Amino acid sequence: METRELDPLFDPSSLAIVGASPDSWYSSRITEHLTSYGYDGDYYLVNPNREEAWDRQCYDTVSDLPEVVDLVVVVVPREHVVDVVREAGEVGVPAALVITTGFSEADERGAELEAELEATAADYAISVAGPNCIGLANAQAGTVLTGLCSREPEPGHIGLASQSGALSFATFFENAADEDTHFSHVVSTGNEVDQSLADYVEYMAADPDVEVICTYIEGVTEPRRFIEVARETVATGTPVLAVKVGSSDVATAAAESHTGSLTGNDEVWDAAFGQAGIERVPDVPDLTSRASAHAAFDPPDSNRVCVASTSGGLATLLADLAEERGLDLPQLADETERALLDDDALLTFGELHNPVDIRAQGAEILPDVAETLFADDNFDAYVFGIGLSAVDEDADVIADHLLEVGEMTDDPVIFLWTGRQEPADLDDPQPYERVRAEYPLFYEPTKSIDALASLVRFDEARDRLVGRPPFELDERPVSADLPGNRTITWSTATDLLEDYGVDLPATRSASSSEEAARYASRIGTPVVMKVDSPDVAHRNRVGAVRVGVDSPSEAQRAYEEIVANVFEHDDEATIEGVLVQEMVDSGVEALVGASQDPNLGPVVTVGSGGTQVEALQDTTHLVAPFGKGDAYGALNRTDLPARFEHEFGSDASLDSLANLVTKVGNLVAKRRDVAELDLNPVMVRPERSVCVDAFVKTE
């Protein structure tokens, strides 16, 4: 779908509320918000059943309006929505916000109406938000078009696109406003009949007022486009954070292969988010707290962090949390340590390290402490933990100090204040509230460190993605069609794999024990022998594999034993031959597999392989197609690099395996008729990665 310009939706110079009535909760709240929250454009009321409302004229139809408005806000019964949007399109209105519910989320008739609405939007090139949405707000432009907004939004720098209507305003917006965290845009996406989550992210990413984009995701209508848009957004400098619900929804694809049994729907979303640089966060408070840090700070130049706290215990906890999240805590420079020890106000003795325990007395001279730490070139980010009351007279002084510290550096400075917050005798605002009005303020150690780690991760993701275009499929033609809906044999699989450059061992298919002996002699013993049958998915389980067959006579016996074992397992099994295969030198066993995810399409699985692959549970995923850099990133999320280094030394390269993973991604992206692909084991050595067994199932 072609994305249409969304300025008329978020920043209309004029609009009409169709279905405006004081008797309608939604339309009355929207109308009242227009006046009370300062909308400065022209707005009109459309209601054929009323002559006026709110001391304004009511027009019968959109066609009767004195001008062509930028936006119609539709709050009419569902049976009339399509007609309203059609009429708006006919007169040239560029956008419609459909609040009305009762579409595909309701019943069959609603689904029919939604299909008509989608067709109407396309016919008239009118950008439709919704239906079944709570509305939207653009605080930068002063546009508030929702009934669920109890206060006028203050302009901020956080964009939010939420697939939950009530959460978008009643939870995200309201809770953030309580903490002096403010949004630039908030949109409830509704049923996304026309404009989708990807469109809203793309629109907000182009707005210079938006420093970070938050998303709440239940299900993505254009998953691959969303991933592409998010990837471009991150690469061009805007973080994308996501809460993705539905993690218990595991894939129901057949699990005949190792790949099928190891790939779950939620794991695939994790992989897609990782490739796109999207940071997935666990809950709503995490989303807004991390977003507040992105809105306030540029990422630090490195992951080197200094932690200072008025409590030694809190300092140690923060240090542990930082190290768990991959942040580095270098030691203080000698001159920094001496300067702090020489300050009698700190009451410190002996030594100081990072984390720095400045004790409670340190709060009284916090700007002096900060100045000393900021002068130390070992650090690019700072965490100040205050384990004291946030509401008494001493807290008023601490708040002054924190505000002063925040102005002393351009580096990220995370403030954590864990003390009492119940109001004391001081007048509002409370001391801690004065701080959070200017800087992100955290009350929980974990959230403070998560916010800092989020800044670092975004910088790493941006560096990884910038200048690296999305991987494009090569132009080679697709080879001959594969037989449909079946497990294909080695000979057919060999043609497919070789077509995409997969390294395979020398192999012959024997139809008799005598042929097996001849092939073993030609290939050179020892050899591996295994059945080639579409009815045997896992050869080891039925005794259909022999390894280390070291003579032609032993190959004859192995042939007969393999055939007998297969027929004992399934007396009607089809045997197309017994494979006699070059025995590849020992190496690290890897799994490279692929499957078709119902949402995101082709997905590659990579990890430790062999017969114990399920027990090892050492796999990760990639959404195909992808480049070699992504393949390396996936390998580094497994134990394979450590196992490879142990086997071949620290200088040995995994390049051959990264190449293979990329080739498999290319294969499964082009061959959507490949439902499952399982290369296990792949014998990985520095000079080559050889697939010694393959399972392929087609759609």
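Analyst: The model is a predicted one. Across the whole structure, a search finds 37 salt bridges. One of these involves R225 and D199, whose side chains meet with an N to O distance of 2.9 Å. R225 belongs to helix α7 (residues 223-235) and D199 to helix α6 (residues 197-205), so this pair ties together parts that are 26 residues apart in sequence. Both R225 and D199 are buried. R225 has a further salt bridge, to E222, in which the closest N and O atoms are 3.2 Å apart.

A pair with another setting is D503 and R688, whose side chains form a salt bridge at 2.9 Å, N to O. D503 is placed in the loop between α17 (490-499) and β21 (507-510), and R688 in the loop between β28 (674-684) and β29 (689-691), so the contact ties together parts that are 185 residues apart in sequence. D503 counts as partly exposed because its relative accessibility is 25%. R688, at 27% relative accessibility, also counts as partly exposed.

Salt bridges may also be linked through shared partners: E279, R290, E324, R325, D450 and R457 are joined in this way into one network.

Charge also gathers on the surface, where D368, E371, E404, E407 and E438 make up a negative patch. Patch members have no salt bridge, because that is a condition of the patch definition. Among them, E407 sits in the loop between α14 (393-406) and β18 (413-417). The relative accessible area of E407 is 67%, so this residue is exposed.

How values were computed:
Residues are numbered from 1 along each chain as its sequence is written. This is a predicted model: local features need pLDDT of at least 70, side-chain atom pairs count only at pLDDT 80 or more; totals for chains, interfaces and linings use all residues. Side-chain values use heavy atoms; hydrogens and water are left out. Patches are made of residues with over 30% relative accessible area and no salt bridge: like charges are joined within 9 Å, nonpolar side chains (Val, Leu, Ile, Met, Phe, Trp, Tyr) within 5 Å. Accessible areas come from the Shrake-Rupley method with a 1.4 Å probe; for residues, only the protein chains shown count as cover. A salt bridge is a side-chain nitrogen of Lys or Arg within 4 Å of a carboxyl oxygen of Asp or Glu. Lys and Arg count as positive and Asp and Glu as negative; His and the chain ends are not counted. The place of a charge is taken as NZ of Lys, CZ of Arg, CG of Asp or CD of Glu. Helices (H or I, at least four residues) and strands (E, at least two) are DSSP runs, numbered from the N terminus. Buried means under 20% relative accessible area, exposed over 50%, partly exposed in between (1.4 Å probe, protein chains only).
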